[in-house]
Amino acid sequence: MEEIIKKQFRGKDESDKWVYRDCIGIESVLYNGLYGYRDQVPVKIGTICQYSGKKDKNGIEIYEKDIVLLKYRDGYGNIKEKKSIVFCNSTDFMVHLFDDYTPLISNIMDIEVIGNIIDNEDLIF
């Protein structure tokens, strides 16, 4: 029987490829589970992202540092779109909406991952 491992983190390895693991260790090492030390992968420090536990409208997992396109209603009921970056404030995953930060899914009709700040700097506002 195959073990199902939920990938909680991702990071870029030395060959610049994304790797996914469920734990993060010291010195930017990702690994799987309590006994996963033999499956360690060193990753570049600035590329480590945590999974939010949410998926976008297309079923794509949403990670910290993702660039997302938000569809929401403003205070007047008008449907608006805005790009934002997903970040974690230590207790929740947030996006910048209106002139403040809001939890990832509240007040948002649709959310779509369009890139991330590591691979797609050109998408940042």
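1. Strands β1 (residues 9-12) and β2 are paired in the antiparallel sense, with four bridges between them. This is a predicted model. The two strands make a hairpin, and five residues separate them. In the turn, D16 has a positive phi of about 70 degrees.

2. Next, the faces of β2. This strand covers residues 18-21. V19 and R21 make up its covered face. W18 and Y20 make up the uncovered one.

3. Now the charged pairs. Side chains of opposite charge can pair when their charged atoms come close. Here the count of salt bridges comes to five. One of them joins R10 and D66, with 2.6 Å between the closest N and O atoms. R10 lies in strand β1 and D66 in strand β8 (residues 66-73), so this pair ties together parts 56 residues apart in sequence. R10 is buried, at a relative accessible area of 7%. D66 is buried too, at 2%. Both fall in that class because buried means under 20% relative accessible area.

4. K12 also forms a salt bridge. Its partner is D119, and the closest N and O atoms are 2.5 Å apart. K12 is in strand β1, while D119 is in the segment after β13 (108-116), so the pair ties together parts 107 residues apart in sequence. D119 has 38% and counts as partly exposed.

5. K44 is partly exposed, with a relative accessible area of 30%. D16 is partly exposed as well, at 44%.

6. Which residues do salt bridges with shared partners join into one network? They are K12, D16, K44 and D119. Of these, K12 lies in strand β1, and D16 lies in the turn of the hairpin. On the model, start at the hairpin turn and find D16.

Definitions and conventions
Residues numbered from 1 in each chain as written. Predicted model: local features only at pLDDT ≥ 70, side-chain atom pairs only at ≥ 80, totals over all residues. Heavy atoms only, no water. Buried < 20%, exposed > 50% of the residue type's maximum accessible area, 1.4 Å probe, protein only. Pairing = 2+ DSSP bridges. Salt bridge = Lys/Arg side-chain N within 4 Å of Asp/Glu carboxyl O.
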